[in-house]
Amino acid sequence: MSSAAQPDQQADSLRGVQPDPEESAAIRRKIEALTPRLSLPTVRRALGAMEGEHHSRRPNGSDDPMETRPYTPEDEARLIDWKMSARSGRPMVTERERLVTSRIHLFIDTGREMTGVCPSGERALDVAANGLCMFASLSAKRHDQITLTFADSVSITRVPFKGGLAQFERTIDDGLTHTSNVSRNFDALLDYIPTIGDRGSLVVIATDEHALREEHLKKIRKIAMGHPLIMVVVSTLNPFRDYPFGEVTDGDSGRQVPAFMRGGETAEEVDRHRSYMAAQLEQELRRNNATMIRSASSQGMFDEFIHLLSTTLKRAPLTPLAGSVSVGLTGVAA
């Protein structure tokens, strides 16, 4: 990542106009509709490919056999034991140990910088929360243990809980309601994550694009060495462009961006710089087997999540259910 001067550095504290909650609420409904469309084997394959698997005593895997039983429509076709089926005269399934972590750790940056507004009119905090809800929806269906952590410069609060997606949504919404108006400390968050142990479990970090600096790459690399890592990165509005929802103001001083600075070459330079920094970060993450999804709205984040899910399923070694998955995803995305 380049250490060149950043023309949009004031955007760290940019908050601007009143956020629009309807956009975020609409995406929540899409997330809630997504999970029932995906079969449990599909969810297992998708998360398994994302998360770096290890041995467990949970069934429906490809390791040591555990038991043999009659085939049911919920089973994956690959589990059918054809020799046993031929002997018994009906389809039989051999259950094997499943390689899985069974845990997912979700981290969200709750510093006041995350109250910045996106081009969609949403707060960056709400877009980030919706991004985490997408991952929680899959893990909840697989009955994984989900840990949610809120982080700012004052505290890092870890909230373990049990329940489905609805419970997760209540937990994250309640946590965001009670966040204090203090700045972020992204360095402290990156230092904290390796202390959770649980090597091999999936780690998802949600923040905005202004939190990430070149000096953070070493810490991110350390996290990626012990955990499958996904960065959910939110893009805030360009302070030098005009938007239909009102004047953009600085979050700390309340001052408006002068009219002579809006539009033109300044706005283009900010967009180019952000795109370059995002491309550099994505390249560094890919080198460390980590993934980034980046968007400026909840709808865009949802689309990126569906794309990640689809490409992950294509990379997965098993594809018997890929056709039904594609139909389900298309229906939700539409």
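Let's start with one word: two residues are in contact when they have heavy atoms within 4.5 Å of each other. In this chain, residues 24 or more positions apart account for 78% of the contacts with a separation of 6 or more.

Before we go on, please keep in mind that this is a predicted model, where local features need pLDDT of at least 70 and side-chain atom pairs count only at pLDDT 80 or more, while totals for chains, interfaces and linings use all residues. Residues are numbered from 1 along each chain as its sequence is written, and side-chain values use heavy atoms, with hydrogens and water left out.

Now the overview. The chain has 10 helices and eight strands; these are DSSP runs, numbered from the N terminus, with helices being H or I of at least four residues and strands being E of at least two. Of its 334 residues, 49% count as buried (under 20% relative accessible area, with exposed over 50% and partly exposed in between, using a 1.4 Å probe and protein chains only).

On to the sheet. What is the order of the strands in the open sheet of six? The order is β5-β4-β3-β6-β7-β8, and the pairing is mixed. Strands pair if DSSP finds at least two bridges between them. At the edges sit β5 (156-161) and β8, each pairing on one side only. From one strand to the next, the twist averages 15°.

Look at β3 (residues 103-109): seven bridges join it to β4, and the two run parallel. Across that pair, L106 stands opposite L148 in β4. Helix α4 packs on the sheet, touching β3, β4, β6, β7 and β8, and its direction makes about 175° with that of β3. Helix α5 (residues 165-177) lies across β3, β4 and β5, at about 10° to β4. For these angles, axes are lines fitted to C-alpha atoms, for helices over the stretch in contact, and the values run from 0 to 180 degrees between N-to-C directions.

Next, helix α8. Its buried residues include A267, H273, R274 and E284. What covers the buried residues of α8? The cover includes α7 (217-226), β7 (229-234) and β8 (291-295). After α8 comes N289, with a positive phi near 60°.

H143 is not a glycine, yet has a positive phi of about 60°; find it between α4 (124-141) and β4 (145-151). H143 is exposed, with a relative accessible area of 68%. D198 also has a positive phi, near 50°, and lies in the loop between α6 (186-192) and β6 (202-208). D198 is partly exposed, at 22%.
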